[in-house]
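Hi,

Here's the structure I promised to pass on. Have a look at it first, then read on for what turned up.

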Amino acid sequence: TDTNLNFGIDLKYGITDNFTLFATLVPDFSQAGFDNVVLNLGPFEQVFSEQRQFFIEGADLLDKGNLFFSRRIGNSPVGSSDIDDIYDEEEIVDNPDEVKVLNALKVTGRSQKGLGVGVLNAITENTYATIIDTISGETSKIKTEPLTNYNVLVIDQEFNKNSFVSLVNTNVLREGDFRDANVSSLVFSLANKGNAYRLSGDGSMSNITETGINTSGFASRLEFEKTTGQVRYSLRHRFADDKYDKNDLGFQRTNNYNDFRGNLSYRIFEPTKHFNFFRVSFFAGHFRRFDPSVTTSNYTEIDIFATNLKQLSFGLELGTNIGQVVDYFEPRTEGRFWKRNGQYRSEGYFSSDFRKRLAFEISIRNRIRYGTDEYSYELGVGPRFRVNDKLEFGYGFTLDQSFNQPGYVDTLDDETIIYGVRQNNQIENSFSSKYNFNDKASISLSFRHYWSTVAYQEQYYELEEDGYLSPHPYNEDNDLNFNSWNLDLRYVWQFTRGSELVALYRNSIQSDDNRADLSFGENLSDLLKQPNGHLLSIKLVYFLDYNNIKRWVKKDKSS
C-alpha cells in the first residue's frame with residue numbers, strides 16, 4: 001500500500017477580457033478516467049483520448065494544424081521500452097510506464113481583431129528504471145526519461161469572416177543526450193465571400209536531433225471543397241516523406257505516404273415526408289508510398305445516414321478495396337512489405353429516440369478478405385435507461401471475432417519474419433450509472449471489462465522477399481489471453497463556487513497469459529483471483545478569488 005499526500009496549485013487568471021492564463025503546479029492526475037485498453041496486435045500504438053482537465057480546457061486553439069497531442073506529456077518514458085532488451089540478464093525491479101508532470105502553463109485567447117494566440121509549456125521530471133544484477137546483487141538506476149520541456153505555440157489570424165492563417169510550432173527539449181524534436185507548420189483556410197468554396201492546407205517541417213544527428217522531414221496537405229448546398233464535394237492530397245516525424249508532441253501512425261482522396265455527398269436540410277435528415281456520400285482513395293513510389297491500396301466506400309420523423313436513426317456503410325493491398329507496416333521491418341488480397345467491409349447502425357427514458361443503439365460490422373478464408377464480424381449493443389431526472393443507467397456490449405486472420409508474430413535472429421494464422425475473440429462489457437443528489441453533488445459508477453483471446457493454428461509462415469507467405473517450421477506457442485478490468489466509483493461535491501471535493505475508488509486488474517482455450521466463465525473466475533489494484537483518492541480543490549482577496553486586504557488596511 002502506497003499513501004501519497006500531494007499539494008498543488010491550479011491557477012486561472014483573466015489577463016484581459018479575451019486572454020486567459022491557466023497554470024498548474026505539481027498536478028495530480030490520478031483521478032482522470034481510465035483508458036479503454038485493448039490487446040493491440042497491430043503495428044501502430046493505441047490512441048487514448050485526453051481526460052486530464054488541464055489539457056482539455058481552452059485547448060481548441062492549440063489543436064490547429066494537428067501537431068499537438070497532449071497525451072504525449074506525461075506519456076511513457078522514451079527509454080522504457082529498451083530496458084527489457086538491454087538488461088535481459090538482470091532483474092527489472094521497477095520500470096515506470098508514465099512520467100510525472102512537474103508543472104504546466106497555458107495562455108489562450110483571441111483579440112477583437114481576430115488574432116488568436118495559444119501557448120502551452122510543461123515540464124516533466126527525471127524518470128528512472130531500477131534493476132538488480134542477479135550475480136552481484138547490486139542495484140542500479142537507469143534513466144529512461146530526463147527532465148523534459150514541452151512547448152506549443154500557435155498564432156492564428158482570422159480574416160474575411162471565414163478564413164484564417166496560422167503558424168504552429170511544437171518543441172521538445174530533453175536534458176542531456178536524449179532525443180530532441182521541433183516541428184513547425186503553416187496552416188491556412190481560405191473561403192470565398194459566400195463561404196461556399198474553401199481551399200485549405202498546411203505544410204510542416206520536422207527536425208529531430210538524436211545522438212548528435214539531425215534529421216529533417218516534410219509533410220503537406222491540400223484540400224479543395226464545396227461547403228454549401230445539397231450537393232457537396234471535396235478533393236484532398238496528403239504527403240509525407242520518410243523522414244517526417246511529429247510523434248514527440250504530436251501523433252502520427254505513418255509517414256512516407258502520397259495519398260489522393262475524393263468525396264461526393266448529397267444531403268437534405270429541410271424535413272421531408274419521411275425524413276428529418278438524410279445524407280448519402282461516396283468516398284474514393286488512391287494510396288501510395290512516397291519512397292519507393294508504389295501503390296499500396298485503392299479504396300472506395302458509400303455511406304448512408306438518415307433520421308426519420310420519429311427520431312429513429314439508421315446508417316449503412318459499404319466499402320471495398322480495388323486490387324491488391326501492399327502493407328509496409330505489418331512486417332515491422334523497414335523496407336519489407338506484405339502483399340494480400342483486398343477486403344470488403346459493411347456496417348449497419350440503428351439508434352432509437354434518445355429523448356425517451358429507454359433508448360438503445362445497435363451496430364453490426366462485417367469484413368471479408370477476397371479469395372481467402374479470412375473474415376470477421378462485430379456486434380455492438382448499447383441500451384440506456386433514464387429512471388428520472390436524477391438517476392440513469394447505461395450498458396454496452398461488444399463482440400468482435402476474426403477468423404483465419406494472418407498476422408505478424410516474430411522476427412528471428414536471422415531476420416526471418418514469421419507470420420501466423422489466428423482466431424481473435426474480443427468481448428467487452430461496460431456499465432455506467434449516475435445519481436445526482438442535487439445540482440451540487442453526484443455519485444457515478446463506470447465499469448469496463450475487456451477480454452481478448454488469440455489462438456494460432458499449428459502451421460506458421462515466413463514472409464518472403466516478394467511479399468507473399470510460405471510455410472515455415474517455426475512452432476513456438478504464441479496464444480494469448482488478455483484481460484483489462486476497471487471500476488471507478490466517484491463522488492463529487494461542489495461545496496462552493498469553483499470549489500469541490502472529489503472522492504474516487506478504483507479497482508483495476510490487468511492480466512495476460514497463453515490460456516486462449518478458457519470459456520468466458522472460466523476466464524472471469526480466474527481473473528478475479530489475480531492481484532487487484534485498489535486506489536482510494538480524495539481530492540480537495542478550493543477556489544481562491546483573487547479579487548476577493550484584494551478587497552479583504554484593503555479592508556484590513558483601512559481598519
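Which residues have the most contacts inside the largest nonpolar core? Keep in mind that this is a predicted model. The answer is Phe68, Ile73, Leu120, Val152 and Leu249, in a core of 27 residues. Helix 1 (53-56) gives two or more residues to this core, and so do strands 4 (101-110), 5 (115-124), 8 (148-159), 9 (163-174) and 10 (180-191).

Leaving out residues up to four places away in sequence, Phe68 touches Leu62, Asp63, Ile73, Leu120, Val152, Leu249 and Gly250.

Most residues other than glycine have a negative phi, and most peptide bonds are trans. Here are the spots that go the other way:

- Val26 has a positive phi, near 50°. You'll find Val26 in the loop between strand 2 (19-25) and helix 1, and it is partly exposed, with a relative accessible area of 29%.
- Lys161 isn't a glycine either, yet its phi is positive, about 70°. Lys161 sits in the loop between strand 8 and strand 9, and it counts as exposed because its relative accessibility is 81%, with the cut-off being over 50%.
- Asp291 and Pro292 are joined by a cis peptide bond, with omega about 0°. Pro292 is in the loop between strand 15 (275-289) and strand 16 (294-308).

Cheers

Definitions and conventions:
Residues are numbered from 1 along each chain as its sequence is written. This is a predicted model: local features need pLDDT of at least 70, side-chain atom pairs count only at pLDDT 80 or more; totals for chains, interfaces and linings use all residues. Side-chain values use heavy atoms; hydrogens and water are left out. A nonpolar core is a set of buried Ala, Val, Leu, Ile, Met, Phe, Trp, Tyr and Cys residues joined through side-chain atoms within 4.5 Å. Buried means under 20% relative accessible area, exposed over 50%, partly exposed in between (1.4 Å probe, protein chains only). Helices (H or I, at least four residues) and strands (E, at least two) are DSSP runs, numbered from the N terminus. Contact means heavy atoms within 4.5 Å.
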